[in-house]
Amino acid sequence: MTAPVVGEYPAHLHPAYVTGPRPMRVLAVRRLTDDVTHFRFGSVDGAAPVLTAYQPGSHLIIAAGGQRNAYSLVDDGMYPTSYGISVLRRGAGGGSDWLHDNLVEDSIVEIEGPRSMFAPVLDQRGALLVAGGIGVTPVLSHARALARDGRRTDIVYSYRRGSGAHADDLRALAAQPSVTLHEVSGAVATAELIADRLRAQPLGTHAYACGPASLLEVYTRLADAAGWPGARVHLERFTAPEQEPGDPFTVTVASSGVRVDVPAGVSLLQRLRDTGIPVSSLCRQGVCGECRIPVRSGRIEHRDFVLTDDEKAAGDAMLCCVSRGEDIEVDL
């Protein structure tokens, strides 16, 4: 298979110092399970011995078959010499399947990042990490960073038998006295284990979870029932629940005075693009934060899963892929 090539480095930029779009080389492709493949990327010419560092839980954005998809990095982020992601084949013909079908060693792809949307709290005394399925990828990044620093770490990994990507990596970390790993299968057993581990954590612990929506719903409900304050309960979503189409509304673009009508069931993101106003986006579900835009005035109906309660209360930003409102003026 011929390795695809995308783009060239700008002459004045070096891959160790940029996070914007640039080509990177596939250093290795390794099958982890029947449906999950690990890809490792490095600089095109091999001249960058250390790439840009990143916070645990960060992700890359990869141009994959005409799409731009976000994938969590699996390493601790300290002095990286390569970037590693693990990708689930979803069978829907999207960007993840394209990576499985097209990337081989020495392929060149366009990458952005690393970007941080799921960072650890720096003064935490320890962490409870909960992973479901392919949600293990950012959890592994957190676990590696915590283990590197000797921080107390309690890990719950829920997966179908035979589908435990990175289970061996987590078991290796659990050989350290500061790290404990609990492996589980099945929804009932997973909920019981999460409830038990939430009750067992000492003060100062923060909890982090990534996985399917059903697991995250259980995790947040059990954390609330156990009396955990919301500021100590963190999660990263792959997808968002279905939402109602919402009411029509109008947005005014401050820089031009253009008024944009947004019908029910249509996103502000789409209408801005229809009007010729470029807005970056990835998930279009309110879970990645890429389409955040500044707001000058108006009532915002926040529907995203990214902005904090304080950010929503401030009313000066919205995720235009899902959020709606009334008499909104945006600062574009």
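A crossing of two helices is left-handed if the near helix is turned anticlockwise from the far one by less than a right angle, and right-handed if clockwise. That term is needed at the helix pair below.

This is a predicted model, in which local features need pLDDT of at least 70, side-chain atom pairs count only at pLDDT 80 or more, and totals for chains, interfaces and linings use all residues. Residues are numbered from 1 along each chain as its sequence is written, and side-chain values use heavy atoms, with hydrogens and water left out.

**Whole chain**

The C-alpha trace spans about 60 × 55 × 35 Å along its principal axes. Of the 332 residues, 49% count as buried (under 20% relative accessible area; exposed is over 50%, partly exposed in between, with a 1.4 Å probe and protein chains only). Among contacts between residues at least 6 apart in sequence, 67% join residues at least 24 apart (contact means heavy atoms within 4.5 Å).

**Helices H4 and H5**

Select 187–200 and 213–225, which are H4 and H5; these helices pack at about 35° with their axes 10 Å apart (axes are lines fitted to C-alpha atoms, for helices over the stretch in contact, and angles run from 0 to 180 degrees between N-to-C directions). H4 passes H5 in a right-handed crossing. On H4, show Thr-190, Ala-191, Ile-194, Ala-195 and Leu-198; on H5, Leu-215, Val-218, Tyr-219, Leu-222 and Ala-223 make the contact. These residues divide into 9 nonpolar, 1 polar and no charged (Ala, Val, Leu, Ile, Met, Phe, Trp, Tyr, Cys and Pro count as nonpolar, Asp, Glu, Lys and Arg as charged, and the others, Gly among them, as polar).

**Two cores**

Next select Leu-129, Val-139, Ala-143, Ile-155, Tyr-157, Leu-170 and Leu-173, the residues with the most contacts inside the largest nonpolar core, which has 24 residues (a set of buried Ala, Val, Leu, Ile, Met, Phe, Trp, Tyr and Cys residues joined through side-chain atoms within 4.5 Å). Elements that each supply at least two residues of this core include E7 (126–132), H2 (136–148) and E8 (152–158). H2 gives the largest share, 6 residues. Centre on Ile-155: not counting residues up to four places away in sequence, the residues it touches include Leu-129, Val-139, Ala-143 and Leu-170. For the second, separate core, of 22 residues, select Leu-272, Cys-291, Ile-293 and Val-322, which are among its members.

**Helix H1**

Go to 95–102, helix H1, where Gly-95, Ser-96, Asp-97, Leu-99 and His-100 are buried. The buried residues of H1 pack against E2 (36–42), E3 (59–64), E4 (67–72) and E5 (83–88).

**Backbone details**

Select Gly-113 and Pro-114: the peptide bond from one to the other is cis, with omega near 15°. Pro-114 is in strand E6, residues 108–115.

Where is Tyr-79? Tyr-79 lies in the loop between E4 and E5. Its phi is near 50°, a positive value in a residue other than glycine, and Tyr-79 is exposed at 63% relative accessible area.

Finish at Asp-327 in strand E16, residues 324–330. Asp-327 has a positive phi of about 50° although it is not a glycine, and is exposed at 58% relative accessible area.

Technical notes:
Helix = DSSP H or I, 4+ residues; strand = E, 2+ residues; numbered from the N terminus.
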